[in-house]
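Visitor: Could you walk me through this model, please?
Guide: Gladly; let's look at it together.

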Amino acid sequence: MDLNQLPINLKAREMLAETGTSFEPASLYIVQLALWALDNNKIEGENDILETLKAMMTWRPERIMNFLMMREDEEGYEPVGWREAKTPLELAFVVLEDLEKKMVKHFPWYRCFE
């Protein structure tokens, strides 16, 4: 499955173009959009999420699907609110919020401040 052909990634690619940011077809467009928002201080984020996003730029599609909790038989990746997002910042926020929820599930120690 070419994950960048999912509707959310196509929307993210369009929004990256709106910002004047170049994009890399070998990495998920939603990840690139989220990085754009963090790197340009449009959204504040924890260092852990920034490190995870940077790592995701190099992940194999199977690993990304696992992280996003997608199965081969699913239609795609559907974080709540992505279809309603009208600006690059709105979509980046939706993606970051969802990725952070996934981090909590995958990395039990994430957000553990003890």
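**A tour of the fold**

Guide: Let's start with H2: 10 of its 11 residues are buried, so H2 is largely enclosed by the rest of the structure. Buried means under 20% relative accessible area, exposed over 50%, and partly exposed in between (1.4 Å probe, protein chains only). This is a predicted model, where local features need pLDDT of at least 70 and side-chain atom pairs count only at pLDDT 80 or more, while totals for chains, interfaces and linings use all residues. Residues are numbered from 1 along each chain as its sequence is written, and side-chain values use heavy atoms, with hydrogens and water left out.

Visitor: Which elements do the buried residues of H2 pack against?
Guide: The buried residues in question run from Tyr-29 and Ile-30 through Val-31, Gln-32, Leu-33, Ala-34, Leu-35, Trp-36 and Ala-37 to Leu-38. Contact here means heavy atoms within 4.5 Å. By that test, the partners of these buried residues are H1, H3 and H5.

Visitor: How many helices and how many strands does the protein have?
Guide: Both kinds of element are DSSP runs numbered from the N terminus: helices are H or I with at least four residues, strands are E with at least two. From the N terminus on, the elements read α-α-α-α-α. The count is five helices and zero strands.

Visitor: What is the radius of gyration of the protein?
Guide: The radius is taken over C-alpha atoms, and the globule rule is 2.2 Å times the number of residues to the power 0.38. For 114 residues the rule gives 13 Å, and the protein comes close to that, so it is as compact as a globular protein of that length; its radius of gyration is 13 Å.

Visitor: Is Thr-52 buried or exposed?
Guide: Thr-52 sits in helix H3. Beyond its neighbours within four places in sequence, Thr-52 contacts Trp-59, Phe-67 and Met-103. Its relative accessibility is 12%, so Thr-52 counts as buried.

Visitor: And how far apart are the C-alpha atoms of Val-104 and Glu-18?
Guide: Val-104 is found in helix H5 and, at 42% relative accessibility, counts as partly exposed. Val-104 and Glu-18 are 86 residues apart along the chain, and their C-alpha atoms are separated by 31 Å.

Visitor: What is the phi of Asn-41?
Guide: Asn-41 lies in the loop between H2 and H3, and its 68% relative accessibility makes it exposed. Most residues other than glycine have a negative phi. Asn-41, a residue other than glycine, has a positive value, near 55°.
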